[in-house]
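Please look over the model shown here and work through the questions that follow.

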Amino acid sequence: MRGSDGVAGSLFSYVDLEKRVRADHPLRVIRGIVNETLTDLSGEFDALYSPFGRESIPPERLLRALLLQAFYSIRSERQLVERIEFDLLFRWFVGLGVDDPVWDATTFTKNRDRLLAGDVAMKFLAAVLARPKVKALLSTEHFSVDGTLLEAWASMKSFRPKDGSGPPPDAGRNGEQDFHGQKRSNETHASTTDPDARLYRKGRGKESKLSFMGHALMENRNGLVVGAVATRASGHAERLAALHLMQPRANPAKKVTLAGDKGFDTQDFVAELREINVTPHVAQNISGRRSAIDGRTTRHPGYEVSLRIRKRIEEAFGWAKTVAGLRKARHRGLPKIDWQFTFAMAAYNLVRLPKLLDATS
């Protein structure tokens with residue numbers, strides 16, 4: 001017989017969220033790793049909050065919610081809070097019950113800023129990698145490094161002379177600004193919206209944009225990101241960031257390799273890597289110049305293997321920009337961009353872990 005379409009409300013709710021999520025759902029593995037990681041970070045969270053006053057949103061729930069925003073490509077925190085309100089899977093992952101009220105979007109943003117200022121993203125990434133099951137997947141000998149441009153949340157109209165000269169923009173909230181024929185550079189101009197952003201272009205013939213640079217260090221065994229940092233955009237940023245990320249991984253007792261593209265093939269960078277006992281497996285740049293990499297490195301079979309594996313780091317950048325919403329920054333200021341990029345790299349690792357752990361079990 002035909003079922004009734006009538007709506008009958010109930011006085012009590014008997015929904016068990018644990019039973020509503022299927023046993024083989026990928027978020028179950030991720031949630032287990034995240035919960036263990038957040039337990040280890042409890043002392044770090046205590047340092048960010050006062051022991052007195054009104055209770056805030058638990059930082060553990062904030063971070064779980066931000067992970068969902070990255071996993072499901074949710075454009076804004078207001079949309080994220082709305083999704084948590086009606087999605088049982090989101091409630092289960094965050095740690096809210098069916099009848100628990102969801103936070104206001106403004107309250108969520110205010111509480112999130114505390115985590116942005118606490119360097120929690122890097123500690124979260126390191127804590128995830130320190131889990132015993134995850135640590136067994138990591139290589140300690142072979143790494144790859146690369147960088148990518150992150151478009152700043154600032155308009156080209158905001159890139160104005162530092163000395164205050166130049167014609168004022170037209171009236172209105174987003175008034176027209178005519179900069180045709182002007183010579184503009186980072187030495188003489190700065191963005192009034194985000195002073196940390198720098199005018200940069202990806203290559204010859206490409207347009208210049210106000211940007212930051214994100215840098216990631218990836219281990220070559222399973223392609224997991226083991227280090228990340230964001231910097232101001234410049235021609236030397238990639239090599240300086242690579243040395244910064246690789247320094248803790250260098251081992252005086254044994255050789256460690258680092259793969260990179262042609263942009264890392266410079267005499268200074270190669271020499272500095274060899275000083276810390278790191279073998280530079282960077283692509284040779286022989287376009288009108290002499291490469292800093294010679295036959296001592298290229299004759300080994302592992303050199304070609306490193307160059308092939310190096311391209312996997314582009315997958316992490318592609319995921320961060322298309323899925324996690326990093327094509328254009330959501331925050332302003334280098335510290336917040338650094339937090340956002342590092343957290344996105346940690347989310348990328350978590351997305352890959354269910355399959356990797358399943359393959360090794």
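**Pockets, cavities and contacts in a predicted model**

Q: How much space lies in the largest pocket?
A: In this predicted model, the lining of the largest pocket is made up of 22 residues, with Pro-26, Val-29, Ile-30, Pro-354 and Leu-357 nearest its centre. The space in this largest pocket comes to about 550 Å³.

Q: Which helices each supply at least two residues of the lining of the largest pocket?
A: By class, this lining divides into 11 nonpolar, four polar and seven charged residues. The helices that each contribute at least two residues to the lining of the largest pocket are H2 (26-40), H9 (132-135) and H15.

Q: Which elements give two or more residues to the lining of the second largest pocket?
A: The second largest pocket holds about 400 Å³ of space, and of the 15 residues that line it, Asp-146, Gly-147, Thr-148, Lys-202 and Glu-238 are the closest to its centre. The elements that give two or more residues to this lining are strand E1 (142-151) and helix H14.

Q: Which helix gives the largest share of the lining of the largest cavity?
A: The count of cavities of 30 Å³ or more is two, and the largest of them has a volume of about 170 Å³. Among the 13 residues that line the largest cavity, Leu-66, Gln-69, Arg-330, Gln-340 and Phe-343 are the closest to its centre. Helix H4 (59-71) and H15 each supply at least two residues of this lining, but the largest share, four residues, comes from H15.

Q: How many residues in the lining of the largest cavity are nonpolar?
A: Sorted by class, the lining of the largest cavity includes three polar and three charged residues. The nonpolar residues of this lining number seven.

Q: Are H14 and H15 roughly parallel or roughly perpendicular to each other?
A: The axes of helix H14 (residues 313-322) and helix H15 (residues 334-360) come within 10 Å and cross at roughly 110 degrees. Because angles of 65 to 115 degrees count as roughly perpendicular, the relation of H14 to H15 is therefore roughly perpendicular.

Q: How many nonpolar residues does the contact of H14 with H15 have?
A: On the H14 side the contact is made by Glu-315, Ala-316, Phe-317, Trp-319 and Ala-320, which meet Phe-341, Ala-344, Met-345, Ala-347, Tyr-348, Val-351 and Arg-352 in H15. By class, this contact has no polar and two charged residues, while the nonpolar residues number 10.

Q: Are H10 and H11 roughly parallel or roughly perpendicular to each other?
A: Helix H10 (residues 237-246) and helix H11 (residues 267-275) have axes 11 Å apart and pack at an angle of about 5 degrees. Arg-239, Ala-242 and Leu-243 in H10 meet Phe-269, Glu-272 and Leu-273 in H11, and by class this contact has four nonpolar, no polar and two charged residues. Because angles under 35 degrees count as roughly parallel, H10 and H11 are therefore roughly parallel.

Q: How many residues apart in sequence are the parts that Asp-40 and Arg-131 tie together?
A: The structure holds 15 salt bridges, and one of them joins Asp-40 to Arg-131, with the closest N and O atoms 2.2 Å apart. Asp-40 lies in helix H2 and Arg-131 in the loop between helix H8 (120-129) and H9, so the parts tied together by this pair are separated in sequence by 91 residues.

Note on methods. Residues numbered from 1 in each chain as written. Predicted model: local features only at pLDDT ≥ 70, side-chain atom pairs only at ≥ 80, totals over all residues. Heavy atoms only, no water. Axes fitted to C-alpha atoms, helices over the stretch in contact; angles between N-to-C directions. Parallel < 35°, antiparallel > 145°, perpendicular 65-115°, else oblique. Contact = heavy atoms within 4.5 Å. Nonpolar A, V, L, I, M, F, W, Y, C, P; charged D, E, K, R; others polar. 1 Å grid on protein atoms, 1.4 Å probe; cavity = no way out; pocket = protein on both sides within 12 Å on 5 of 7 lines; lining within 4 Å. Points joined across faces, edges and corners; volume = space filled by probe spheres on them. Salt bridge = Lys/Arg side-chain N within 4 Å of Asp/Glu carboxyl O.
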